[in-house]
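Trainee: I would like to learn how to read the features of a model like this. Could you take me through them in turn?

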Amino acid sequence: MNIILMGLPGAGKGTQGKKLSQKFKMHHFSSGKIIRRMAHQDNSLGTVVKRYINKGELVPNEIITRIMKNRIIKSKTENKIFDGFPRNKKQIHDLDRILSIIKEKINLVIYLKVEKEELITRLTGRRICRLDNSVYHIKYDPPQKKGKCDKCGANLYQREDDKKEVAQKKIMVNRKKLEKVKEYYQNKGILEIVDGNKESEKVEQEIENIIKSNE
Ligand code: AP5
């Protein structure tokens, strides 16, 4: 089964994607994670990509599609979960085209619906481990020792694009485009909307029930 987990920045795609990929043995494709890794590389592409991310803007379609294509085609796992891709109409068609090469398609799309205020709280409170990239939240999922990762003890940091101004811009940049993506999958009859405002475990349970009823 191939699933898209969609929602505005901070909706919980990464959090849920990680849990689901472990539970259902799915390959988790997070476009944000992939693109951020690229931004850390000391080359011209890394510099270009970093500029888009830090401004809260979308990376050009050609770049993101090329990266996703390589990874999807190389993936040996039958079950895939896409988080953060596709984000616009062009990317929807790119993904369909890539999946058709390996004779697959999208079976289910889960939309995590979260209020704007809550999105801002989640983004501005998100903290990441410098070493192993574990994700925390200063209010909802704080580390045991302030500013330190529970797993490896390394320092936590705030993503540049999680600062309030950029977080607001990210939501604005993505809103209209995501509505179009939502409409597309709604018309195909494969969209399920989940109330993502609830606490993480409840959201996870609801997604799990949807997946099981679609298996
Ligand atoms: P990306 O990494 O996708 O960042 P984002 O858009 O800011 O949103 P996230 O995906 O990080 O948020 P999330 O929904 O995963 O939330 P999370 O689970 O972490 O993209 C970064 C950039 O890369 C983009 O701006 C763009 O430049 C580029 N990019 C990526 N994909 C692209 C594409 N397809 N096309 C073009 N450019 C692209 O949760 C957030 C916080 O809330 C965490 O601290 C978590 O602990 C907490 N939390 C999660 N769920 C809950 C809950 N239920 N209750 C309470 N707290 C919760």
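Trainee: Which residue is the bridge partner of Cys 129 in β7?

Mentor: Strands of a sheet pair through backbone hydrogen bonds, either parallel or antiparallel. Here, in a model that is predicted, Cys 129 has Leu 156 of β7 as its bridge partner. Ile 128 stands opposite Tyr 157 in β7. β5, residues 126–129, pairs with β7 in the antiparallel sense, over 2 bridges.

Trainee: How many bridges join β5 to β6?

Mentor: There are 3 bridges between β5 and β6, and the two run antiparallel. Arg 126 stands opposite His 137 in β6. The hairpin of β5 and β6 has 5 residues between the strands, and there Asn 133 takes a positive phi near 65°.

Trainee: In what order do the strands of this open sheet come?

Mentor: The order is β6-β5-β7, 3 strands with antiparallel pairing. β6 and β7 (156–157) stand at the edges with a single partner strand each, so one side of each is left without a neighbour in the sheet.

Trainee: Which helix lies across β5 and β6?

Mentor: That is α6, residues 116–125, which runs at about 30° to β5.

Trainee: What is the strand order in the parallel sheet?

Mentor: Again the general idea is that strands pair through backbone hydrogen bonds, in either sense. In this case 5 strands form an open sheet with parallel pairing, in the order β2-β3-β1-β4-β8. β2 (27–30) and β8 (191–195) are the edge strands, each pairing on one side only. From one strand to the next, the twist averages 20°.

Trainee: Over how many bridges do β1 and β3 pair?

Mentor: β1 (residues 2–6) and β3 (residues 80–83) pair in the parallel sense over 4 bridges. Asn 2 stands opposite Lys 80 in β3. As for a helix on this sheet, α2 lies across β2 and β3 and runs at about 60° to β2.

Trainee: Next, backbone geometry. Which peptide bond is cis?

Mentor: Most residues other than glycine have a negative phi, and most peptide bonds are trans. In this structure the bond from Phe 85 to Pro 86 is cis, with omega near 5°. Pro 86 is found in the loop between β3 and α5 (89–101).

Trainee: What is the phi of Lys 103?

Mentor: Phi of Lys 103 is near 60°, a positive value in a residue other than glycine. Lys 103 is found in the loop between α5 and β4 (108–113).

Trainee: Which side-chain atom lies 2.7 Å from a nitrogen atom of the ligand?

Mentor: It is a polar side-chain atom of Ser 31. Backbone atoms take part too: a polar backbone atom of Gly 14 is 2.7 Å from an oxygen atom of the ligand, and a polar backbone atom of Gly 12 is 2.9 Å from an oxygen atom of the ligand. The ligand on its own has 1,000 Å² of accessible area, and the protein covers 95% of that area.

Definitions and conventions: Residues numbered from 1 in each chain as written. Predicted model: local features only at pLDDT ≥ 70, side-chain atom pairs only at ≥ 80, totals over all residues. Heavy atoms only, no water. Polar contact = N/O pair within 3.5 Å; in protein donor to acceptor, adjacent residues only side chain to side chain. Areas by Shrake-Rupley, 256 points an atom, 1.4 Å probe, with all protein chains shown as cover. Pairing = 2+ DSSP bridges. Contact = heavy atoms within 4.5 Å. Axes fitted to C-alpha atoms, helices over the stretch in contact; angles between N-to-C directions.
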